[in-house]
Amino acid sequence: MLILLSGDDEFKKQIQLDELIYGYCSDLNQLKTIEDPSFSELINFLNRPQSLFSFNNETTKKAYLIKNFYLLRPKDKEEDNEQPAKSKDDEKLIEFCLNIIKNTQQESLVIFTSNSIKGTLKFVKELKKIDNCKHLELNKFKNWDLEPCLIYLKKLIKKCPEIKIPDKDLGQFIKYLGTENLGEIFQTLETLSQSFDKIDFNLLKKYSQPKYDLFNFAEVLVSGKKAEAIQELRKIKADPEQKNNLGIIGLLHNQLNLYQSIKLLEIDKFNNDQIAEKLGIKSGRVYHLKLNSKNIKLTRLEKLSEQLFRYEKKIKTGELKLLEALSLLIHSEEDQPALI
């Protein structure tokens, strides 16, 4: 199968990629990815010989993901002027590459993804002539696309029974954040569903303000991106409603526990599907959480959890203010805890 995936909505594209990949090969180890390849790199990537450790009767399906291949997108004028005219050798190379793609997609899933795939380009036209080729273009919803956005989210929520929200409140939240923020809307629903049995508009509004993103703060804090965490905390401090919002502490606890659990289960050799079943989340989400946390040490997560519990106790006894605690979390024990 050959898929051309384009559009400016990264969230929609990622959801589509997850569905395609997980629907095709159950083992993510069979997914091979390459980004910005040259012709020769793409040919070598798709023409990779079978492993010496593979068995003759191996039936595991493979998937190939090619990101931003330059012949799929339109060139600007400067780039076009820099490119020499194609020689006969270049044409033969293109033909050879197309044949490899054609042969590979007969037994494997081949996905080309780019923000823009121009259908009038010769290479794209040749790709579309290949059997089983589909071009999926996924763009952001426009401001007036409230109903299509609601329908799209309701379909996603059906696959996540843990998310319980009335259609009316979901519609209000879409209007509040804007249809163009589809990914943020769904991430908010998914994260809050871990702490609340039912979600309504007031709860959503409390935890997700258009001017800042609590979930992004949690992610950059865990990842040790100090500058980004400081910037996000400044936005949080600008809202007086968050001055005593202990729900922020609960959200951080949940995120830290999730990352720690994934790290521990990964150490015990659990695969993505097993981790998802243990934690009650989707395999696709496990995959992306693992990517986000691949450079984060378990000891850092444990240290942050200990600090958070300690600060939470001090907040409840009046020894420390919430926003001061968040600032202290950003700075390591070795740093001077200069409050923002």
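Let's begin with α1, where the buried residues are F11, K12, K13, I15, Q16, L17, D18, L20, I21 and Y24. By buried I mean under 20% relative accessible area, with exposed being over 50% and partly exposed in between, using a 1.4 Å probe on protein chains only. Helices here are DSSP runs of H or I with at least four residues, strands are E runs of at least two, and both are numbered from the N terminus.

Before I go on: this is a predicted model, so local features need pLDDT of at least 70 and side-chain atom pairs count only at pLDDT 80 or more, while totals for chains, interfaces and linings use all residues. Residues are numbered from 1 along each chain as its sequence is written, and side-chain values use heavy atoms, with hydrogens and water left out.

Back to α1, which runs over residues 10-24. At the start of the helix, a side-chain oxygen of D9 comes within 3.1 Å of the backbone nitrogen of F11.

Now look at K12. Which rings does the charged end of K12 sit over? One is F141, at 3.5 Å from the ring centre, and another is Y152, at 5.7 Å. The rule for that is NZ of Lys or CZ of Arg within 6 Å of the ring centre and within 35 degrees of the ring normal.

**The whole chain**

Zooming out, the protein chain has 16 helices and five strands. Of its 340 residues, 45% are buried. Take contacts, meaning heavy atoms within 4.5 Å: among those between residues at least 6 apart in sequence, 75% join residues at least 24 apart.

In soluble globular proteins, nonpolar side chains tend to be buried together. I'm calling something a nonpolar core if it's a set of buried Ala, Val, Leu, Ile, Met, Phe, Trp, Tyr and Cys residues joined through side-chain atoms within 4.5 Å. The largest one here has 65 residues, and L189, F217, L252 and L326 have the most contacts inside it. Helix α12, residues 247-267, gives the largest share of this core, nine residues. If you click on F217 and leave aside neighbours within four places in sequence, you'll find it in contact with A229, E232, L233, I236, L252, L326 and I330. There's also a second, separate core of 26 residues, which includes I66, L72, C97 and F123.

**Aromatics**

On to the rings. Phe, Tyr and Trp (its six-membered ring) pair if their centres lie within 6.5 Å; planes under 30 degrees apart are stacked, over 60 edge-to-face, and the rest tilted. By this rule we get 10 aromatic pairs. One of them is F39 with Y70, edge-to-face, 6.3 Å centre to centre and 85° between the planes. F39 is in helix α2 (residues 39-46), while Y70 is 31 residues away in the loop between β3 (63-67) and α3 (77-82). Are they buried or exposed? F39 is buried at 9% relative accessible area, whereas Y70 counts as partly exposed at 27%.

Then there's F69 with F112, a tilted pair with centres 6.2 Å apart and planes at 45°. F69 is in the loop between β3 and α3 and F112 is in strand β4 (residues 109-114), so this pair ties together parts 43 residues apart in sequence. Both F69 and F112 are buried. F39, F69, Y70, F112 and F123 form one aromatic cluster.

L42 also touches some of these. It lies in helix α2, is buried at 0% relative accessibility, and, leaving aside neighbours within four places in sequence, is in contact with P37, I66, F69, C97 and F112.

**Two backbone spots**

Last thing. Most residues other than glycine have a negative phi. N132 isn't a glycine, yet has a positive phi of about 65°. It's found in the loop between α5 (122-128) and β5 (133-137), and is exposed at 54%. K269 also has a positive phi, near 70°; it's in the loop between α12 and α13 (272-279) and is exposed at 73% relative accessibility.

Notes:
The expected span of a helix is 1.5 Å times one less than its number of residues. A polar contact is a pair of N or O atoms within 3.5 Å; within protein, one must be able to donate a hydrogen and the other to accept it, and residues adjacent in sequence count only if both atoms are side-chain atoms.
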